[in-house]
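Subject: Structure for your review

Dear colleague,

Please find below the structure that I am handing over to you. My notes on what was found in it follow directly after.

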Amino acid sequence: MTDPPGRGERTPASSRRGRPGRSTAPTSNPLRVFWRQLWAADQPPGRVTRPLASGPEQQAAIFLVLRRMRAPLITLIVIFTVSVVGLAFMPGVDPTTGQPQRLTPFDAFYVVSYTATTIGFGELPVPFTTAQRMWVTFVIYLSVVGWAYAIGTLLSLLQDRSFRAALARQRFGREVARLREPFLLVAGFGRAGELLGRSLDDLGQQFVVLDAEQERIDALDLSSFHQEIPGLAGDVADPQQLARAGLDSPYCVGVVALTDDDEVNLAVTMAATLLRPDIPVVARTTSRAVGRRIQSFGRASIINPFDRFGDHLRVALRAPATFQLITWLQAGPGAPLPARSSPPTSGRWIICGYGRFGREMTIDLTAEGLEVTVIEPRKNRGQDPGHPAPGPGSTEIVHGDGSEPDVLAEADLPNAVGFVAGTDNDTTNLWMLAAARSINPHLFLAGRQNRPANAPLYAAMDLDSLLVPAETVAHEVYAQLSTPLLWRFLQEVPGHDNAWSEALIDRLTTDCGRHLPALWPVRLTPDGAPALTEWLDSGTARLGQLLRDPDDRDARLPVVPLILVRGRSGAPRGARRAGERSGEVILAPGDDVVLQAGDELLFAGHAVERRELEGTLAVEATREYVVTGRQVPASWIWRRLSRTPPSPPGR
């Protein structure tokens with residue numbers, strides 16, 4: 001992640017070249033960074049066994065030009081041939097001898113060439129006779145007709161939609177083929193895709209866009225991304241289009257399906273999991289039935305914003321501080337600490353709208369033992385067969401329009417504790433929220449925002465909880481793919497109580513402030529922490545020693561370790577996907593935790609502290625001072641000249 005505004009800096013180039021979640025090399029050693037950047041481009045992170053791109057399609061524009069310009073080119077060739085042959089046979093006179101003379105074929109071709117191209121050098125090589133001038137006059141008008149026909153055909157070809165589409169596909173294919181760094185394939189660039197793209201761009205992560213709407217692809221050129229984003233408009237569900245977007249590239253490290261159509265997302269997931277089983281796939285869906293189909297194609301991750309909102313609300317009911325911590329960490333770098341909301345844990349809730357969102361909310365609230373009254377205007381509304389029915393006796397359904405006062409009165413709104421406006425119409429939701437607040441000012445209000453343009457209206461309502469499906473999906477995809485350790489941390493946090501989350505929030509705000517700092521992973525391997533190898537092997541390396549200040553070891557770096565994962569280094573690559581649980585996990589490890597080789601840690605802190613910690617990981621002299629307090633020369637030569645003895649392991 002990048003650093004928050006005010007204290008931030010761009011993510012180092014070494015981390016931008018790395019796979020999402022991959023530990024970064026210490027940036028304090030310029031030579032290591034140089035070699036890493038030099039060789040990283042020659043080592044693609046993936047291996048493709050099923051190439052899909054077809055050669056003829058890549059040359060479609062050339063074939064289209066040849067096909068459309070065939071008649072004009074033949075016409076021009078015929079005109080030139082007739083003109084040259086005719087001029088060569090026209091009788092002329094040698095001005096020096098007065099004898100009849102004809103132009104050679106080369107002289108005729110030369111004269112026709114500069115005449116037809118409107119250059120006009122004059123009568124060369126000798127003054128023409130009347131017959132030659134008449135023929136040249138005929139050639140001038142004839143060539144004008146031929147060129148007009150050819151140029152008109154070419155202009156119409158440039159305006160042809162299929163030709164421009166072929167050019168766009170070729171240009172897009174070349175841009176993707178030139179990528180020599182890991183990239184993500186984002187299928188669907190709506191609101192969720194755009195939010196995810198901006199977060200990835202801030203992280204320095206390259207990505208490629210494929211969307212069905214040409215307007216969204218055109219908007220990429222006008223956007224303010226730091227890097228050039230290749231984009232193509234086409235059928236997202238077409239495997240050939242996915243291949244053209246880089247699915248069969250060894251540098252493709254993940255696929256994200258974020259279209260608004262569940263069936264399209266299912267098709268993207270199916271193609272990606274079948275053709276590239278070695279990369280993670282994340283798909284968006286609002287249907288449990290489609291979610292089960294997606295899960296049948298391997299280990300694709302599913303994000304259902306309605307289900308996630310309900311899960312988060314359940315977490316908020318049990319542990320408000322835990323919900324606050326999850327929301328903060330998912331909001332992205334620089335996000336301010338959100339307010340801690342406390343939904344009522346007893347009483348009756350009213351949910352307006354019994355679509356997919358309403359059913360998910362009903363299931364989650366009744367699972368927490370709460371009473372729910374549902375207001376739904378349509379009777380026997382189409383049910384998603386994948387949804388289990390809410391608990392009997394705990395849910396009452398009132399049929400009617402939730403915006404009507406008599407319907408709200410029938411639902412007994414004054415005696416309710418929570419109100420959820422969950423229809424797919426923002427105007428209706430806002431009106432119902434305003435009406436509910438006027439009737440019962442003490443209600444816990446939650447709403448569903450459907451259109452991004454209505455965000456200011458919902459902000460003005462100052463709701464206790466707001467679902468923006470696009471933001472929920474974007475934040476979760478970002479957490480899964482940008483820093484898998486963060487996603488692992490977010491999965492483990494709900495298992496702890498509210499007091500634990502309060503303590504961690506206090507620790508974060510004390511050390512890092514009230515804006516989300518940078519989060520970065522560290523892997524204690526010879527490549528990620530070369531200066532710690534012997535120290536880790538001694539079995540005495542403690543986390544608190546590692547986090548001492550390299551300038552003053554008596555002080556501790558204001559860095560917060562969020563998670564330590566142990567035992568994943570030897571796992572096969574395919575098993576190390578976002579969301580996969582493997583290895584021993586320690587959340588918020590303390591300073592007395594003994595570190596081992598291969599441990600993976602996720603730290604939170606600012607850029608200055610990150611550089612100092614990376615110096616400890618990479619420079620032996622810095623590590624020596626931080627661990628033992630000894631001041632030793634940094635270079636091997638000075639250590640030999642000064643006869644500085646090496647420190648025994650474990651000190």
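In these notes, a helix is a DSSP run of H or I with at least four residues, a strand is a run of E with at least two, and both are numbered from the N terminus. By this convention, Ala588 is found in the loop between β17 (584–587) and β18. Please bear in mind that the model is a predicted one.

The chain as a whole

The chain holds 27 helices and 18 strands. Of its 651 residues, 51% are buried.

The nonpolar cores

The largest nonpolar core has 32 residues, of which Leu325, Phe489, Leu504 and Leu562 touch the most other members. Two or more residues each come from α14 (305–318), α15 (320–330), α21 (484–492), α22 (498–512), β16 (560–566) and β18 (600–605). Helix α15 contributes the most to this core, with six residues. Leaving aside residues up to four places away in sequence, Phe489 is in touch with Leu325, Leu329, Trp500, Leu504, Leu562, Ile563 and Leu587. There is also a second, separate core of 29 residues, including Val208, Val236, Leu242 and Cys252.

The volume of the largest pocket is about 930 Å³. It is lined by 27 residues, and those closest to its centre are Phe323, Thr327, Pro338, Leu466 and Glu471. At least two lining residues are supplied by each of α14, α15, α19 (455–461), β14 (465–467) and α20 (469–482). Here too α15 gives the most, with four residues. By type, the lining consists of 16 nonpolar, seven polar and four charged residues.

The second largest pocket contains about 700 Å³ of space. Of its 27 lining residues, Ala168, Arg171, Gln214, Ile217 and Asp218 are the closest to the centre. Helices α8 (161–178) and α10 (214–222) and strand β5 (231–233) each supply at least two residues of this lining, and α8 has the largest share, nine residues. This lining divides into 12 nonpolar, six polar and nine charged residues.

Individual residues

Thr327 sits in helix α15. It counts as partly exposed because its relative accessibility is 30%, which falls between the limits of 20% for buried and 50% for exposed. Thr327 and Pro338 are 11 residues apart in sequence, and their C-alpha atoms are 7.5 Å apart in space.

Two residues have a positive phi without being glycine. Asp462 has a phi of about 55 degrees and lies in the loop between α19 and β14. Its relative accessibility is 58%, so Asp462 counts as exposed. For Ala588, phi is near 45 degrees. Is Ala588 buried or exposed? Ala588 counts as buried because its relative accessible area is 18%, and the limit for that class is under 20%.

With kind regards

Key
Residues numbered from 1 in each chain as written. Predicted model: local features only at pLDDT ≥ 70, side-chain atom pairs only at ≥ 80, totals over all residues. Heavy atoms only, no water. Core = buried A, V, L, I, M, F, W, Y, C linked by side-chain atoms within 4.5 Å. Buried < 20%, exposed > 50% of the residue type's maximum accessible area, 1.4 Å probe, protein only. Contact = heavy atoms within 4.5 Å. 1 Å grid on protein atoms, 1.4 Å probe; cavity = no way out; pocket = protein on both sides within 12 Å on 5 of 7 lines; lining within 4 Å. Points joined across faces, edges and corners; volume = space filled by probe spheres on them. Nonpolar A, V, L, I, M, F, W, Y, C, P; charged D, E, K, R; others polar.
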